[in-house]
2 protein chains.
Amino acid sequence: MITVSLDAMGGDEGPAVVIPGAAKALERYPDVRFIIYGIESQCLPVLERFPKLQAASRFEACEIAVRMDDKPSQALRKGRWRSSMWKAIEAVKSGEADVCVSAGNTGALMAMSKFCLRTMANIERPAIAAIWPTLKGESIVLDVGATVGADAQQLIDFSVMGAAMARALFGVKRPTVGLLNIGVEEIKGQEEVKEAGRLLREAKFLDLDYHGFVEGDDLGKGIVDVVVTEGFAGNIALKTAEGTARQIASYLKSAMSRTWRAKIGYMFARDAFQRLKEKMDPRRGNGGVFLGLNGIVIKSHGGTDVEGFAAAVEVGLDMARNDLRKKIEADLNLYHARRAPALARAEAAI
Amino acid sequence: MITVSLDAMGGDEGPAVVIPGAAKALERYPDVRFIIYGIESQCLPVLERFPKLQAASRFEACEIAVRMDDKPSQALRKGRWRSSMWKAIEAVKSGEADVCVSAGNTGALMAMSKFCLRTMANIERPAIAAIWPTLKGESIVLDVGATVGADAQQLIDFSVMGAAMARALFGVKRPTVGLLNIGVEEIKGQEEVKEAGRLLREAKFLDLDYHGFVEGDDLGKGIVDVVVTEGFAGNIALKTAEGTARQIASYLKSAMSRTWRAKIGYMFARDAFQRLKEKMDPRRGNGGVFLGLNGIVIKSHGGTDVEGFAAAVEVGLDMARNDLRKKIEADLNLYHARRAPALARAEAAI
């Protein structure tokens with residue numbers, strides 16, 4: 001049985017979205033249990049409308065809600081130990097919950113998660129992994145904004161973590177991994193990316209297939225299971241894709257309402273448009289996964305709706321069911337155990 | 001009268017696309033003159049099919065064509081002084097042509113352009129500017145891949161050059177400029193981006209309005225005329241947007257052919273789909289503009305078709321008609337003249 005801890009105060013709508021979202025996930029996965037952290041006067045009236053969820057959950061009252069515009073330092077100062085966000089993360093640390101889900105602000109959630117859960121041994125920096133819809137299905141893209149910049153070793157850590165997540169989420173034995181780069185031959189991209197490529201090519205003992213470099217237009221094609229990049233470029237890629245999808249949706253809407261012929265066409269093809277809308281739905285992939293910490297935290301979009309929050313909870317269930325954290329730890333230990341003697345040999349040879 | 005020098009051997013199809021593309025641009029702008037550089041046996045048979053273009057152009061035979069997969073160093077070694085690419089660039093340097101257009105490989109074209117034209121005084125690095133279709137019209141985004149990384153001063157140079165291009169292309173007096181950044185509060189983006197933001201805010205004498213930071217999903221909204229970023233993130237943003245547009249087009253196509261109702265709907269709405277296709281057409285914005293060199297060079301997509309190459313030529317005409325190079329030079333001189341005394345004062349105060 002999996003237990004999910006929820007920060008009911010996170011997101012633009014707080015409990016009005018989080019609680020119905022959890023109820024929706026419970027309908028589809030009746031075995032799940034929840035611990036809901038939030039401000040009593042705001043949460044209980046909503047929770048009472050969902051008796052099944054109420055029966056499957058424990059409510060814990062908190063005094064403080066981290067606001068969407070709080071800076072991480074502010075959030076830590078006022079919300080540590082006692083905010084709903086902190087409490088939900090802490091439930092993962094104590095083992096009461098298997099995974100934490102919050103739609104609260106990313107910076108605060110990451111700062112608190114790092115402070116409370118700490119990074120795994122052998123990992124310097126956590127990463128945020130996004131689930132990216134592709135023509136072939138889904139890929140995992142990381143880091144999409146936990147930190148700016150990454151050296152070669154950190155890119156390798158991201159590769160190992162992303163591959164473990166792909167095994168858990170997609171069930172492939174040896175996920176393919178690509179490094180995001182730019183194709184202009186003259187400059188051949190960043191030094192760190194090239195160095196990471198060399199190291200990955202040599203680390204054949206890892207349970208992943210290193211594919212080589214991929215470019216921005218390969219993301220949507222789904223040519224690899226995992227795309228690895230540092231957080232600045234990754235965040236810009238993610239948001240650019242979201243923005244482009246919204247832009248095209250807006251073009252499509254205005255094209256389909258311009259003439260009576262188009263309107264009739266739209267009526268006939270309504271099911272097809274519905275399918276397309278679902279394909280393009282940013283809620284589908286809702287849920288950034290924080291990797292590299294001693295516990296799994298899922299970040300839902302702050303502006304998501306009930307369906308989107310339920311999707312984020314379900315991403316968390318997938319991660320917990322597959323015991324992602326332990327698998328990542330084992331893979332990283334393997335990598336560093338194999339790498340240390342190799343480095344020692346290399347140094348001895350100098 | 002504007003003269004355009006063409007590298008007829010550039011692009012996947014070479015003269016078979018370049019020459020008909022030039023003919024198409026000539027139909028729309030009958031005043032333009034061309035100098036066409038290429039391998040005689042491959043160009044003349046195509047050129048003969050376009051008597052109007054033949055009358056409006058001079059053909060110059062070359063022995064060497066730079067290949068699409070040549071590395072920049074290879075291209076320089078074998079193609080300097082005598083390839084069609086080099087000759088077309090050189091025509092800008094000598095003043096015979098006002099602008100050069102090539103669909104050849106980006107790395108080689110940039111390497112040769114830098115070698116032949118040299119960077120402007122006060123400019124360390126050239127940039128590639130893309131014309132980005134937005135919900136409001138078009139924006140300019142730079143750098144989309146000339147170099148990896150940029151310090152604050154280079155980001156300001158990009159801002160000044162991009163603003164000059166926006167004045168030329170969009171006819172706005174004081175273009176709005178945004179710096180591409182990521183919104184995660186905790187890390188607040190790269191130091192160089194923040195520093196550039198501070199400097200731009202202070203440089204009120206520049207003919208541009210500094211808007212502040214923008215994120216990846218703001219690109220398609222068109223909230224600023226010019227978006228400035230370093231080349232790695234810029235290239236990834238550009239290619240991610242192109243890839244996402246293709247991905248959605250593919251979803252749309254399969255949705256519209258799945259059921260008979262959808263097919264009937266498609267028939268009725270065909271005009272609307274045609275409009276949408278034109279809006280999403282990557283050929284519309286075809287033409288990366290190399291900025292910061294002593295001469296304007298336009299890079300067309302290598303895989304473009306006749307219509308796309310004509311669009312690239314027309315971007316070049318816009319740039320030449322507005323004497324973009326001189327305007328950029330004047331703006332940069334102004335900036336550096338105003339900045340040097342300010343720096344001296346700041347240093348004296350220390």
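How many salt bridges does the rule find across the interface of chain A and chain B? The rule finds 4, a salt bridge being a side-chain nitrogen of Lys or Arg within 4 Å of a carboxyl oxygen of Asp or Glu.

## Basis of the model

This is a predicted model, in which local features need pLDDT of at least 70 and side-chain atom pairs count only at pLDDT 80 or more, while totals for chains, interfaces and linings use all residues. Residues are numbered from 1 along each chain as its sequence is written, chains are lettered from A and ligands numbered from 1 in the order in which they are written, and side-chain values use heavy atoms, with hydrogens and water left out.

## Interface of chain A and chain B

Chain A and chain B each contribute 64 residues to the contact, where contact means heavy atoms within 4.5 Å. About 5,700 Å² is buried between the two chains, 70% of it given by carbon and sulfur atoms; buried area is the accessible area (1.4 Å probe) that two parts lose on being put together, summed over both.

One of the salt bridges joins Asp217(A) to Arg246(B), with 3.5 Å between the closest N and O atoms.

## The chain A side

The elements of chain A that give two or more residues to the side touching chain B are helix 6 (106–117), strand 5 (127–134), helix 9 (231–256), helix 10 (260–268) and helix 11 (270–280). Helices (H or I, at least four residues) and strands (E, at least two) are DSSP runs, numbered from the N terminus. Helix 9 of chain A supplies the largest share of this side, 20 residues. By class, the side of chain A that touches chain B has 34 nonpolar, 18 polar and 12 charged residues.

## Domains of chain A

Chain A is divided into domain 1 (1–123 + 292–323) and domain 2 (133–284), with bounds from an automatic or database domain assignment. Their centres, taken over C-alpha atoms, are 26 Å apart. Domain 1 of chain A gives 13 residues to the contact and domain 2 of chain A gives 9.

The two domains of chain A bury about 900 Å² between them, 65% of it on carbon and sulfur atoms. Ile123(A), His301(A) and Met319(A) lose the most area on the domain 1 side, together 37% of what that side buries. Between these domains the count of salt bridges is 0.

Technical notes
Ala, Val, Leu, Ile, Met, Phe, Trp, Tyr, Cys and Pro count as nonpolar, Asp, Glu, Lys and Arg as charged, and the others, Gly among them, as polar.
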